[in-house]
Amino acid sequence: MKEKMNIVIVGHVDHGKSTIIGRLLADTGSLPEGKLEAVKENCARNSKPFEYAFLLDALKEEQAQGITIDAARVFFHTEKRNYIILDAPGHIEFLRNMITGAAKAEAALLVIDAHEGVQENSRRHGYMLSMLGINQIVVLINKMDLVKYDQKSYENLVKEYGDFLKSINVEPQAFVPVSGMQGDNIFNQMENMPWYTGTNVLGVLDDFTKKKPLNNQAFRMPVQGVYKFTGMGDSRRIVAGTIDSGTVNVGDEIIFYPSGKKSKVKTLEAFNEDIGDSASAGMAAGFTLEEQIYISRGELAAKTSESIPKVTTRALVSLFWLGSKPMEKNKDYVMKIGSSRTTVVVEEIKAVIDASTLASGVKENIERHDVAEIILKMKKPAAFDLVAEIASTGRFVIVDNYEISGGGIIRESLPDKQTWARDIVLQRNFEWEKSRITCTQRAEKYNQKAALLLITGPENPNKKVLAKAVEEKLFIDGKFVYYLGFESLLFGLDADVQNGENARREHLRRLGETAHILLDSGLILVITVDQFNSDDLALINTMVNPDFIETIWYGDDPTDDHPFDIHIASEEEIENSVYRIKETIQRRGIIYSPW
Ligand code: GTP
Ligand code: MG
């Protein structure tokens, strides 16, 4: 089978991208029989001048008849390979496609109009390519006919744009003077530019080198979903996704991030096909695991035998902003990496660069078309790679108000306040000795899902009264429930914790670990702690799966941005509060609800 390569064609508006592709298709005889003549005739009939770019539109219309073009993709082949050329219809669409990875290109043709010269988007697109790691670039100086095929004009542009590329560390593979309209140096060598002795466009395409397959990088698969087999008595679950990089084999030990849970691949599955014992980058695949572990969409699968992804809530990134509204600090955005979605805020804007002039400065907001170096702070930990290590999981997209508004690459993983505890948890999960009873079996047996009801708020003895009343109510209902006050740990489990700066966090860590064990046993655990703040909660969220935690704030409104699920005013009747808590956990499916 012939090698396949994706090429993206970029450049300022009207500089001739579509014309060059149309010409390439026509001159290489890649068009369907009679197409060229039909389009020419149609133009003549309507007395409008023929354009090679029309060929693309004409082919688009015929898509239904199985012609090799769709949306912005043009298929054609040389003796060496099959090409897919991506020609996005407009500037913003192009950027959006590039950022989201919808357009995955291995090399780029960048078109500059010889007559109009280097324009804003010539630079912007060049910068963008370098940011996205597309470093095989050939620059086509087009419309040479308009400058009378003048060598000096060409060389001036080569110098000007070459210097720009150098300043962003890009070394183009070649510059080619062409005329898409007249056909010079596209496929045919013509007499107009005897001073040019390099290869033509077709030649530069074939000169691009094929990237190594991603199979030899570490295995990464963002989990798209976990699906149940539907057969009788079949309790297996398929963990499904598309493999971003690397290879997975039956028997491999897999670890999921950010949770750090691990298991072994039992079988590999694909839809309606037998894929054998191994699956690799680019494949949509699924696997079943030897032991049932609780994981869900958004986790990143890796192998214990290879390099592992980063897990944190802070990252230094380069971001390209496309949103109609500027990106601001202190505003929530959604960050998507692989299949995970996390709420993020901009913690710090380190630099803002105008991608067309490369002028850089410090700004308060990031405006459309700006490239910025910023620190993003995530509301919960995410798993990712650095773009320099594994490109596909080192990219992200920012969604603002349901619209893809930006994207970029992750340059550095930064520590946060929970890093120390997260490292312990990852190690704990790695070493965890799994029982033969799964959490599903326990839930079936006890008729409830494990949960942590965390009651906090200002100091007030009634908090404990409420907690004990909740325990009692659930107990009488027949639930498997236990009340644990923070103080109960202090003189036993925590007896060795020295007073000092880190005492509170160590107490909380032990509380979290205790909760983790009790929840693993299938219990509904009711805990009271005074004055929990958002850092404390983040720490508990690190130790215990946040999906299993219900937070109840008892008393006056919290002063910091403490998120809670239920708020109970101190003057509320205990009985009523108990009822509300019970109703909430019924609604969450933790205990059975008859309605
Ligand atoms: P967008 O898709 O709108 O960004 O434009 P584009 O880059 O695809 O440009 P397109 O191919 O549509 O060409 C724009 C105009 O430039 C058309 O009128 C073309 O006929 C003209 N043009 C393209 N190539 C050449 C060329 O080599 N010489 C001359 N004289 N005109 C050209
Ligand atoms: Mg076009």
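Modeller: Happy to! One cut-off first: a residue is called buried when its relative accessible area is under 20%, exposed when that area is over 50%, and partly exposed in between. Please keep in mind that this is a predicted model. With that cut-off, Cys 43 is buried because its relative accessibility is 4%, whereas Cys 439, at 44%, is partly exposed. As for disulfides, a search of the whole structure finds 0.

Now to the sheet you asked about. It is open and has 5 strands, in the order β24-β25-β23-β26-β27, and the pairing is parallel. At its edges are β24 (481-485) and β27 (566-568), each of which pairs on one side only. From one strand to the next, the twist averages 20°. In general, strands of a sheet pair through backbone hydrogen bonds, either parallel or antiparallel.

Let us go into the pairing of β23 and β25. Strand β23 covers residues 451-456 and strand β25 covers residues 524-528; they run parallel and are joined by 5 bridges.

Helix α10 (residues 462-476) lies across β23, β24, β25, β26 (549-554) and β27, and it runs at about 165° to β24. Helix α14 (residues 574-587) also packs on the sheet, where it touches β23, β26 and β27; the direction of α14 makes about 175° with that of β27.

On to charge pairing. Side chains of opposite charge can pair when their charged atoms come close. The count for this model comes to 31 salt bridges. One of them joins Arg 580 and Glu 572, with the closest N and O atoms 2.8 Å apart. Arg 580 is partly exposed, since its relative accessible area is 28%, but Glu 572 has 18% relative accessibility and so counts as buried. Elsewhere, Asp 496, Glu 506, Arg 509 and Arg 510 are joined into one network by salt bridges that share partners.

Another salt bridge links Lys 417 with Asp 535, again with closest N and O atoms 2.8 Å apart. Lys 417 sits in the loop between β22 (403-414) and α8 (419-431), while Asp 535 belongs to helix α13 (residues 534-543), so this pair ties together parts that are 118 residues apart in sequence. Lys 417 is exposed because its relative accessible area is 56%; Asp 535, with 34%, is partly exposed. Lys 363 and Glu 367 form a salt bridge too, their closest N and O atoms being 3.4 Å apart. Both ends count as partly exposed, Lys 363 at 31% relative accessibility and Glu 367 at 41%.

Leaving aside residues up to four places away in sequence, Arg 23 touches Tyr 52, Gly 180, Met 181, Gln 182, Gly 183 and Ile 186.

Definitions and conventions. Residues numbered from 1 in each chain as written. Chains lettered and ligands numbered in written order. Predicted model: local features only at pLDDT ≥ 70, side-chain atom pairs only at ≥ 80, totals over all residues. Heavy atoms only, no water. Contact = heavy atoms within 4.5 Å. Salt bridge = Lys/Arg side-chain N within 4 Å of Asp/Glu carboxyl O. Buried < 20%, exposed > 50% of the residue type's maximum accessible area, 1.4 Å probe, protein only. Helix = DSSP H or I, 4+ residues; strand = E, 2+ residues; numbered from the N terminus. Pairing = 2+ DSSP bridges. Axes fitted to C-alpha atoms, helices over the stretch in contact; angles between N-to-C directions. Disulfide = S-S within 2.5 Å.
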